[in-house]
Amino acid sequence: MSETGNRLRKLLESPNFDPQNYVKQLSQQSDGDRDLQEHRQKIQNLADETAQNLKKNVYKNYRQFIETAKEISYLESEMYQLSHILTEQKSIMESITQALLSTDKDETSKEMQAAFPKETEELKQRTLTSLLEKVEGGKNILDTPGRHLVYNGDLVEFDVDNMSPIQKVHAFLMNDCLLIATWLPNRRGTVKYKYNALYDLESFAVVNVKDNPPMKDMFKILMFPDSRIFQAENSKIKKEWLEILEETKKNKVTKDRHMKEEEAPTSPVRTEVSTNPFDQEDDEPPGAGESVDLSLEWIQELPEDLDVCIAQRDFEGAVDLLDKLNEYLKDQPVTQRVKELRLKVDERVRQLTEVLVFELSPDRSLRGGPKATRRAVSQLIRLGQSTKACELFLKNREAAVQTAIRQLRIEGATLLYIHKLCNIFFTSLLETAKEFEMDFAGNTGCYSAFVVWSKSAMRMFVDAFSKQVFDSKESLSTAAECVKVAKEHCQQLTDIGLDLTFTLQSLLVKDIKAALQSYNDIIIEATKHRNSEEMWRRMNLMTPEALAKLKDEMRSCGVGSFEQYTGDDCWVNLSYTIVAFTKQMMSFLDEGLKLYFPELHMVLLESLREIILVAVQHVDYSLRCEQDPEKKAFIMQNATFLHDTVLPVVERRFEEGVGKPAKQLQDLRKSTRPVRINPESTTSMV
């Protein structure tokens with residue numbers, strides 16, 4: 001760069017550069033328009049040079065960008081592993097904390113009992129009465145004898161689905177039930193609350209909700225088939241609610257058991273041996289109902305462990321816990337405690353299923369291919385949801401294939417686009433089939449759903465294929481090559497036992513028929529146009545190179561005896577019309593055979609017959625109308641070439657491509673057989 005250019009660059013790069021002052025000074029110093037044009041050119045050159053340097057830097061660092069992206073992906077996987085390790089460490093620490101808390105539980109309860117001595121029944125009854133006077137519609141609660149207040153306090157109720165606050169409530173825990181009352185916005189005297197719900201202690205289960213800021217200090221009450229979530233003021237009050245609720249439920253169970261024992265006769269009764277076998281059978285179930293041991297630590301912590309697994313997306317761990325519980329309860333009797341446990345677990349199963357369904361929804365990221373869905377699919381199958389897993393897996397893959405096709409850019413030649421389209425679609429279909437076979441190996445009933453899905457996906461592919469190949473009016477040769485590429489890719493699916501060739505052909509048959517008919521009309525119009533200008537003169541190709549090229553073209557068309565129709569120098573003893581017709585006819589036959597499948601047999605045959613008939617009729621008409629003996633002999637020579645050389649080649653190549661003879665073409669050739677005639681005669685063909 002010149003010294004002037006360097007000074008200009010430094011001036012423009014300086015932090016104190018002022019464009020307005022610079023232009024003002026430049027205008028004052030310039031002698032005229034020419035100086036301004038030169039200065040403008042210098043600035044333009046500097047801008048071009050800067051852009052070129054920037055482009056070079058981008059190209060220079062492009063490889064570094066790629067390597068950086070790879071490193072980022074590696075770091076991402078490592079971060080995921082670290083997150084998994086930290087999650088495991090966190091769960092271990094939580095289990096240790098729970099163990100420590102459980103050891104302190106007895107001491108805490110003793111301290112609470114020491115700090116709050118037991119009240120008399122009369123005082124508890126009086127307290128409950130005074131509190132219920134503040135509840136609108138709660139007078140009938142006192143009708144039950146022996147009912148007294150155990151604990152009460154303010155709570156906030158949250159929506160179970162979206163975890164949003166609903167209302168402020170006041171809860172009254174009594175020795176046999178739980179009353180929920182809502183706050184009244186417009187208070188009337190001493191009435192502060194309105195009756196909302198009353199639950200018997202045996203009709204619900206209490207579950208701790210893990211803290212997940214900002215959602216914390218919550219616990220859930222499960223009443224089949226509903227549930228409610230409440231939030232305490234702080235963690236201490238939440239702990240008191242959980243402990244007192246659990247203790248009150250246990251006290252009620254113990255009290256009910258004692259009442260039943262007291263109601264039983266205590267006087268000595270003479271033991272009698274019953275001879276009724278039905279009496280013996282009726283005495284067994286009560287004893288059997290108490291044999292289920294649910295005091296194991298892992299069973300007690302199972303609901304919370306399932307919540308943790310779902311929150312941490314540890315789907316395998318959650319399903320393992322469910323399998324372990326099902327195996328443990330498989331041969332056990334169904335008692336009331338088992339039903340309560342099942343109620344808690346079923347709620348977690350519903351939540352886990354919803355999370356897995358969301359993982360497979362098309363709204364999620366579709367990157368990663370079919371293998372990315374394996375985790376969610378396998379866990380749904382283990383949960384007994386194989387039908388739903390199959391449906392969601394196929395919907396996910398359909399959305400992925402549709403997105404990939406939609407993102408494919410239409411650029412360059414049509415054949416190049418079709419190569420990309422076939423590669424994307426059939427590769428995705430092949431990967432989906434392999435993944436489906438791996439995931440649903442033990443569920444053979446799902447295979448029919450996959451076949452139906454494959455046909456639907458093929459329909460989507462053919463729509464994109466036809467829109468680019470047939471709707472854009474591509475040439476028949478291009479359409480034939482595109483169809484050939486699609487057939488070859490479709491044939492690869494047979495390696496895994498999936499043959500969609502018939503489906504592909506049935507979906508393409510309409511467009512291919514239209515393309516053949518359209519090209520057939522074009523050839524017929526072109527032949528008629530050449531026939532109208534026919535002078536029946538020998539071809540003069542002017543150069544030996546052109547003659548050699550024509551011979552090669554005829555040889556590639558299958559006309560091996562073309563040499564006998566070439567004369568001295570560069571002359572050909574055939575008319576331009578017949579030669580052009582032969583080349584166009586053979587080209588149409590080649591492209592038609594590439595497009596061929598059984599449904600198109602008659603369409604292709606009729607097209608060939610119509611094209612040949614146009615040429616034959618023209619030759620026949622010329623023979624009958626021509627009066628010049630020399631021209632008549634030349635026309636006869638062209639007719640012989642058409643009948644004895646071209647038509648047999650068409651029949652042979654059609655039979656080789658299709659696998660069976662073309663009877664219609666044979667009949668046409670026999671009906672148009674030329675005969676040797678007197679030049680003066682007007683009879684040409686029989």
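Visitor: In strand 7, which residue is the bridge partner of A205?

Guide: This is a predicted model, so local features need pLDDT of at least 70, side-chain atom pairs count only at pLDDT 80 or more, and totals for chains, interfaces and linings use all residues. Residues are numbered from 1 along each chain as its sequence is written, and side-chain values use heavy atoms, with hydrogens and water left out. Helices (H or I, at least four residues) and strands (E, at least two) are DSSP runs numbered from the N terminus, and two strands pair if DSSP finds at least two bridges between them. Strand 6 and strand 7 (residues 218-223) run antiparallel with 5 bridges, and in strand 7 the partner of A205 is L222.

Visitor: A205, V207 and V209 point one way from strand 6, so which residues point the other way?

Guide: In a regular strand the side chains alternate between the two faces of the sheet. Strand 6 (residues 205-209) has 5 of its 5 residues buried, and buried means under 20% relative accessible area, with exposed over 50% and partly exposed in between (1.4 Å probe, protein chains only). Pointing the other way are V206 and N208.

Visitor: How far apart are the closest N and O atoms of D176 and R147?

Guide: These two form a salt bridge, meaning a side-chain nitrogen of Lys or Arg within 4 Å of a carboxyl oxygen of Asp or Glu. D176 is buried at 15% relative accessible area, and R147 is buried too, at 10%.

Visitor: Is E656 buried or exposed?

Guide: E656 forms a salt bridge with R652, and both lie in helix 21, 4 residues apart, about one turn of the helix. R652 counts as partly exposed because its relative accessibility is 40%. E656 has a relative accessible area of 59%, so E656 is exposed.
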